[in-house]
Amino acid sequence: MAAKYLQKKITDNPADKKLVADANFKMMRLRDWMRNDEILLCQVVALALESYRLNALATVIGSGKYSESELQQLIGEHIPWHKNLKTAVGSEVMVFESLYEIMISSVGDEEKAKDIRVNTLIFLAKYFPLFFKLNMLEDYHFAMRCYKKYSDFIGSDSTSGAEKFRMFEIDKDEITDDFHYMSNLMFKTMPKVIIHADQVSNKYFMAKIAAEIMDFKQKNGKLPDSWHSENYIDVINFEPFVYKKSADGFTVSFKPFPVSGVKDDCIFAVPVK
């Protein structure tokens with residue numbers, strides 16, 4: 001709710017430099033507060049907050065009231081989202097090992113049960129059969145293999161987001177045959193998170209390009225007929241961004257990469273005053 005409120009403050013008052021700077025700073029603080037937590041869900045929320053912020057800045061860019069340097073300062077620094085995701089996934093994977101150790105070692109250990117405050121797990125340790133505990137261990141090993149696979153390519157600048165998506169798809173037959181249902185709860189969503197992170201990175205690059213285009217308009221009195229950026233590339237498809245004039249301004253976009261359950265957020269529309 002706070003992010004939506006701040007976003008609306010910016011879009012309703014794009015020419016108010018003080019208000020915009022303050023609201024933008026607060027949105028960045030919210031984003032950073034979430035992304036500094038190693039929980040995977042917090043990273044997903046941080047991605048959404050950054051997307052809201054950049055969408056709001058589209059109206060600021062198109063207002064024509066800011067120099068390019070002012071716009072670049074508002075847009076800020078690029079965030080290495082995949083580095084954050086890699087750390088978050090590693091933390092989530094270790095949960096499986098902790099669960100297994102608790103279930104195996106805490107039977108009858110009242111002091112440990114008190115320390116960890118997980119009565120549900122103590123109940124499982126006492127009453128669930130051995131095969132369930134062994135399956136938990138196998139689930140952990142499966143999660144570790146998936147994490148290693150993810151770690152091997154996730155930070156690669158030479159691998160497109162589309163290729164990363166395909167590389168990280170989980171073997172559904174292995175999940176079904178070996179009952180890796182707990183780790184599947186996390187890893188089945190990871191390819192979608194990868195694409196979402198790259199969409200947000202692309203939106204950041206499109207905002208930077210839009211600031212360059214508005215600088216051209218301010219210097220030449222009109223929007224350019226065409227625009228090719230040598231500084232930024234679509235990280236999902238490894239193709240150039242596409243600039244087009246529109247009825248009320250212009251758009252910067254990239255080729256859609258359809259993924260079920262992920263919004264097709266590939267157009268950065270700038271309404272020009």
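Visitor: How many salt bridges does a search of the whole structure find?
Guide: The search finds 11 salt bridges. A salt bridge here is a side-chain nitrogen of Lys or Arg within 4 Å of a carboxyl oxygen of Asp or Glu.

Visitor: Where do the atoms and the numbering come from?
Guide: This is a predicted model, where local features need pLDDT of at least 70 and side-chain atom pairs count only at pLDDT 80 or more, while totals for chains, interfaces and linings use all residues. Residues are numbered from 1 along each chain as its sequence is written, and side-chain values use heavy atoms, with hydrogens and water left out.

Visitor: What is in the protein chain, in helices and strands?
Guide: The protein chain has 12 helices and 3 strands. These are DSSP runs, numbered from the N terminus: helices are H or I with at least four residues, and strands are E with at least two.

Visitor: How much of the chain do buried residues make up?
Guide: Buried residues make up 48% of the 273 residues. Buried means under 20% relative accessible area, exposed means over 50%, and partly exposed is in between (1.4 Å probe, protein chains only).

Visitor: Back to salt bridges. Which residue does Arg53 pair with?
Guide: Arg53 pairs with Glu50, and their closest N and O atoms are 2.9 Å apart. Both lie in helix H3 (residues 40-62). They sit 3 residues apart, about one turn of the helix.

Visitor: Is that pair buried or exposed?
Guide: Arg53 is buried, at a relative accessible area of 0%. Glu50 is buried too, at 2%.

Visitor: What about Asp32 and Arg31?
Guide: Their side chains meet in a salt bridge of 2.9 Å, N to O. Asp32 is partly exposed, at 22% relative accessibility. Arg31 is buried, with a relative accessible area of 4%.

Visitor: Which residue does Asp265 form a salt bridge with?
Guide: Asp265 bridges to Lys203, with the closest N and O atoms 2.6 Å apart. This pair links distant parts of the chain, 62 residues apart. Asp265 is in the loop between strand E2 (249-253) and strand E3 (267-271), and Lys203 is in helix H12. Both Asp265 and Lys203 are buried.

Visitor: Which residues do shared partners join into one network?
Guide: Arg31, Asp32, Arg35, Glu50 and Arg53 are joined by salt bridges that share partners.

Visitor: New topic. What is the span of helix H2?
Guide: Helix H2 covers residues 17-35, and its end C-alpha atoms are 27 Å apart. That agrees with the 27 Å that its 19 residues should span at 1.5 Å a residue. The expected span is 1.5 Å times one less than the number of residues.

Visitor: Which residues of H2 are buried?
Guide: They are Val20, Ala23, Asn24, Met27, Met28, Arg31 and Met34. They cover an arc of only 140° around the axis, so they are on the same side of H2. The arc is that of the directions from the helix axis to the C-beta atoms.

Visitor: And which are exposed on the other side of H2?
Guide: Lys18, Arg29 and Trp33 are exposed there.

Visitor: Now Asp198. Where is it found?
Guide: Asp198 is in helix H12 (residues 190-220). Asp198 is buried yet has no salt bridge. The nearest side chain of opposite charge is Lys164, 5.4 Å away. For charge, Lys and Arg count as positive and Asp and Glu as negative; His and the chain ends are not counted.

Visitor: What does Asp198 touch?
Guide: Asp198 touches His82, Gly161, Val235 and Ile236, leaving out residues up to four places away in sequence. Contact means heavy atoms within 4.5 Å.

Visitor: And where is Lys164 found?
Guide: Lys164 is in helix H9 (residues 161-168). Lys164 is buried and has no salt bridge either. Beyond its neighbours within four places in sequence, its contacts include His82, Phe153 and Ile194.

Visitor: Strands next. How many bridges join E1 to E2?
Guide: 5 bridges join strand E1 (residues 242-246) to E2, and the two run antiparallel. Strands pair if DSSP finds at least two bridges between them. E1 and E2 form a hairpin with 2 residues between them. Ser246 stands opposite Gly249 in E2.

Visitor: What joins E2 to E3?
Guide: Another 5 bridges do, and these strands also run antiparallel. Phe250 has Val270 in E3 as its bridge partner. In E2, 5 of its 5 residues are buried.

Visitor: Last one. What is the phi of Phe238?
Guide: Phe238 has a positive phi of about 55°, although it is not a glycine. Most residues other than glycine have a negative phi. Phe238 is in the loop between H12 and E1. Phe238 counts as partly exposed, at 35% relative accessibility.
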